[in-house]
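Here is a short briefing to read beside the sequence and the structure. It goes topic by topic, starting at the surface.

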Amino acid sequence: MMEPYADSVDAEPVFGRPTALSVSDDNGIGDEPALASRSEAMVAAERRRAWCDRQWQSVGRGRQLGEIVGIGLVSGFVAVVCALLRGWVGVESLALVVGAPVVEEVAKVACPLMVLEKRPWVFPSGWVVAALCAVSGLVFATVENILYFCWYIPPERMTDGVMAWRLSVCTLVHVSAAAITGIGLARVWRRMATTRFRFEFSSVMPWLAAAMVLHGLYNLGAFVFEWFGKCNAFGCSLSHW
């Protein structure tokens, strides 16, 4: 016998109670691995954002000042070590002339960069990051000049022109290159402060590459000038960088 017709929306299989063909809870859409992973990632991102918000809001000026001084000291120490190693290794070929800017520019900004990645709230502004990088470049140039004046440049070549060149042009190259990377780090800091953007090295790489190119162009120019015997008067011999 046929069942009586039920003119009710609830009686329709699509709208009514689940039938045997309905998807069970154990095999539901919400249990899909891709969706579950995405949901977990979103929850983790929200938790991290909330934690970062608390860090940005709770950091005090005294704590910032203390950590900035510490970063400056460590950054200067790294620059000094790099300058000492750089002088010990020396530069005797075009390959090292090109490779030296890569190592030096990374070393000068390594400390501010690592702190920015892990603890961006330590810096009260982006320009503090840029200033720390520039100071690191100045420390590097100062130690390098001392090494050259005291040990690397022979006394017979230590003229007023050599000293003036190193104290002005060479120092300016180191400070300017470090400041370029610092500006890139400052822009990243501003983005992290406003959007809680997670640090990505790719955002800094164009600025770091520009600093390396600037430094490399100076080294290449000195290499070419010395090749033609035009650079000795300024104390920029390959063995005296």
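This is a predicted model. Val213, Leu217, Leu220, Val224, Trp227 and Phe228 form a nonpolar patch on the surface.

**Surface patch**

- Leu220 has a relative accessible area of 36%. The cut-offs are under 20% for buried and over 50% for exposed, so Leu220 is partly exposed.

**Overall fold**

- The protein has six helices and zero strands.
- Along the sequence, the pattern reads α-α-α-α-α-α.
- The protein has 241 residues, and buried residues make up 36% of them.

**Packing of α4 and α5**

- Two packed helices are described by the angle between their axes and the distance between the axes.
- Helix α4 covers residues 126-152, and helix α5 covers residues 160-195.
- Their axes lie 7 Å apart, and the packing angle is about 155 degrees.
- Angles over 145 degrees count as roughly antiparallel, so α4 and α5 are roughly antiparallel to each other.
- The crossing of α4 and α5 is right-handed.

**Residues in and around these helices**

- Thr142 belongs to helix α4. Its relative accessibility is 38%, so Thr142 counts as partly exposed.
- Thr142 and Val80 are 62 residues apart along the chain. Their C-alpha atoms are separated by 8.9 Å.
- Met158 is placed in the loop between α4 and α5. With a relative accessible area of 24%, Met158 is partly exposed.
- Met158 and Tyr148 are ten residues apart along the chain, and 9.6 Å separates their C-alpha atoms.
- Met192 lies in helix α5. Its relative accessibility is 3%, so Met192 counts as buried.
- Met192 and Pro120 are 72 residues apart in sequence. In space they are 7.5 Å apart, C-alpha to C-alpha.

- Side chains of opposite charge can pair when their charged atoms come close.
- How many salt bridges does the protein have? The count comes to four.
- Glu67 forms a salt bridge with Arg63, and the closest N and O atoms are 3.3 Å apart. The cut-off is 4 Å.
- Both Glu67 and Arg63 lie in helix α2, residues 61-89. They are four residues apart, about one turn of the helix.
- Arg63 is partly exposed, with a relative accessible area of 35%. Glu67 also counts as partly exposed, at 24% relative accessibility.
- Glu67 meets Arg119 in a salt bridge as well, at 2.9 Å from N to O.
- Which parts of the chain does the pair of Arg119 and Glu67 tie together? Arg119 lies in the loop between α3 (94-118) and α4, whereas Glu67 lies in helix α2. The pair therefore links parts that are 52 residues apart in sequence.
- At 30% relative accessibility, Arg119 counts as partly exposed.

- The side chains of Lys108 and Glu105 meet in a salt bridge, 2.8 Å from N to O.
- Lys108 and Glu105 both lie in helix α3. They are three residues apart, about one turn of the helix.
- Salt bridges that share partners join Arg63, Glu67 and Arg119 into one network.

How values were computed:
Residues are numbered from 1 along each chain as its sequence is written. This is a predicted model: local features need pLDDT of at least 70, side-chain atom pairs count only at pLDDT 80 or more; totals for chains, interfaces and linings use all residues. Side-chain values use heavy atoms; hydrogens and water are left out. Patches are made of residues with over 30% relative accessible area and no salt bridge: like charges are joined within 9 Å, nonpolar side chains (Val, Leu, Ile, Met, Phe, Trp, Tyr) within 5 Å. Accessible areas come from the Shrake-Rupley method with a 1.4 Å probe; for residues, only the protein chains shown count as cover. Buried means under 20% relative accessible area, exposed over 50%, partly exposed in between (1.4 Å probe, protein chains only). Axes are lines fitted to C-alpha atoms, for helices over the stretch in contact, and angles run from 0 to 180 degrees between N-to-C directions. Helices (H or I, at least four residues) and strands (E, at least two) are DSSP runs, numbered from the N terminus. Angles under 35 degrees count as roughly parallel, over 145 as roughly antiparallel, 65 to 115 as roughly perpendicular and the rest as oblique. A crossing is left-handed if the near helix is turned anticlockwise from the far one by less than a right angle, and right-handed if clockwise.
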